[in-house]
Amino acid sequence: MDYLPLFADLSGRPVLVVGGGDIASRKIELLRRARARVLIASRELCPELQELLESQDLEWLATEFDPSQLDGVFLVIAATDDNHLNTQVFEAANARHKLVNVVDDQPKCTFIFPSIVDRSPLVVAISSSGTAPVLARMLREKIETLLPASLGQMAEVAGLWRDKVKQRFSRMSDRRRFWERAFNGRFASEMSAGNVEEAKRTLDRELQEEPTRQGEIFLVGAGPGDSGLLTLRGLQVMQLADVVLYDHLVSEEVLDLVRRDADRICVGKRASAHTLPQEEINQLLVSLAQKGKRVVRLKGGDPFIFGRGGEELQAAQQAGIPFQVVPGVTAAAGATAYAGIPLTHRDYAQSVMFITGHCRPDGDDIDWPSLARARQTLAIYMGTVKAAAISAALIQHGRAPSTPVAVISRGTRQDQQVLTGTLEQLEALAASAPTPALLVIGEVVNLHGQLAWFKHSAQQGARESAVVNLA
């Protein structure tokens, strides 16, 4: 190691900053968060530091640096654009055995500022020893996505229970196992959900009980395919799973983000490939949770939009199993965005309707006159099989045969395809489209040619042109 990682207690301690510009201001913000007593030597102050001076949140010690200012300070930071002055500060501090940082001049640093993930009191610091600070910041951003915002409050609550846990468990190994169960169990889940008082009661209850583990179900929306559209909370939950039940619509790149040692069970359904009936999926979720497992039910898109997630949670509720819901980007929002088709636009559509193509055989539940109204967008899930009937019914109830339509296949994925045409061509378009596919009907489809931005397979262009020219 080139540097020994340390966490310094700066509360109330004097820190000298030489310089009063924007760079000094950024360093002072970190020092203030650590409650340091900030002293400045600078000819002038930038507006941000001037405000802090007026509010008595720092001290303007002098307009010039003098080595005597180093006496009695804890740390020294040189943040000027004067190399000679920075060198003078470094040499004077080094001679007095003071830790010093010359900003953006690694050889003149006896301490460095790491990239910080702040979940106070939990703090994670990442450093490249001054060699690649941009890389360190990139790693910090990745770690930020993995650490829930609730971790800081969780650490604070756990700190309040440390003495109780020590009284309950005399051996350090028993205390460690208790906290491992707590940080991976109901206590952590309740803190993540914001139920702080219930989380505290859980700790008290688990202190009195023999070690047991109550299962829980997490209903997670995996989004339409691109793993970049998975929510931060969804990723965090997937990393905690003991077992994951997933659908065929969940992409491989999303499944790759599941905790490596979690069991994976495919329970999805698609045309001619029914893995499990819905009732058996419901029972499997309940039985796994009753065994004390953290069960993640991973569904493509959003679990509450044509995903039958509500039915699965009704089964959990009836069985007394605790559960949480993590929404996802639904296919209509994700696929159309990647196709450059806004669902609403003040010149073309003032409303959008999400509907499913899997309807009752008699069709009595469909209000075709409402669906056929102009100046609205229809986003139809699972509609390719009944595309002919949908097209005929809409035209019969007044929608113009020339209404623009798009069939978006495998939306947001690298092999996404967008086929465009008119409502009277919808049957042929759908027959040519790989599944899963979303049907989009409305004038907003005309914007695809202007707003398409996602770089998908070159093969699409040839297929799209061939289908569009059906006439």
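Biologist: Where is L135 found?
Modeller: L135 is in helix α4, which covers residues 133-146. Keep in mind that this is a predicted model.

Biologist: Is L135 buried, partly exposed or exposed?
Modeller: L135 counts as partly exposed, because its relative accessibility is 45%. The band for that label lies between the 20% and 50% cut-offs.

Biologist: Switching to charge. Which residues gather in the negative patch on the surface?
Modeller: D22, E48, E51 and E54.

Biologist: And which helix gives the largest share of that patch?
Modeller: Helix α2, residues 47-54, with 3 residues. E54 lies in that helix.

Biologist: Why does E54 count as exposed?
Modeller: E54 has 61% relative accessibility, so it counts as exposed. The cut-off for exposed is over 50%.

Biologist: Now Q376. Where does it sit?
Modeller: Q376 is in the loop between α15 (368-371) and β16 (377-381).

Biologist: Is Q376 buried or exposed?
Modeller: Buried, because Q376 has 2% relative accessibility. Buried means under 20%.

Biologist: What does the side chain of Q376 reach?
Modeller: The Q376 side chain reaches the backbone oxygen of L371, at 3.1 Å.

Biologist: OK, on to N282. Which helix holds N282?
Modeller: Helix α12, residues 278-290, is the place of N282.

Biologist: Is N282 buried or exposed?
Modeller: N282 has a relative accessible area of 13%, so it is buried. That value is judged against the cut-off of under 20%.

Biologist: Which side chain does N282 make a polar contact with?
Modeller: The side chain of Q278. The contact between the side chains of N282 and Q278 is 2.9 Å.

Biologist: Last one, E311. Which helix is E311 found in?
Modeller: E311 is found in helix α13, residues 309-318.

Biologist: And is E311 buried, partly exposed or exposed?
Modeller: Partly exposed, because E311 has 35% relative accessibility.

Biologist: What separates the C-alpha atoms of E311 and E279?
Modeller: The separation is 9.3 Å between those C-alpha atoms. Along the chain, E311 and E279 are 32 residues apart.

Technical notes
Residues are numbered from 1 along each chain as its sequence is written. This is a predicted model: local features need pLDDT of at least 70, side-chain atom pairs count only at pLDDT 80 or more; totals for chains, interfaces and linings use all residues. Side-chain values use heavy atoms; hydrogens and water are left out. Patches are made of residues with over 30% relative accessible area and no salt bridge: like charges are joined within 9 Å, nonpolar side chains (Val, Leu, Ile, Met, Phe, Trp, Tyr) within 5 Å. Accessible areas come from the Shrake-Rupley method with a 1.4 Å probe; for residues, only the protein chains shown count as cover. A salt bridge is a side-chain nitrogen of Lys or Arg within 4 Å of a carboxyl oxygen of Asp or Glu. Lys and Arg count as positive and Asp and Glu as negative; His and the chain ends are not counted. The place of a charge is taken as NZ of Lys, CZ of Arg, CG of Asp or CD of Glu. Helices (H or I, at least four residues) and strands (E, at least two) are DSSP runs, numbered from the N terminus. Buried means under 20% relative accessible area, exposed over 50%, partly exposed in between (1.4 Å probe, protein chains only). A polar contact is a pair of N or O atoms within 3.5 Å; within protein, one must be able to donate a hydrogen and the other to accept it, and residues adjacent in sequence count only if both atoms are side-chain atoms.
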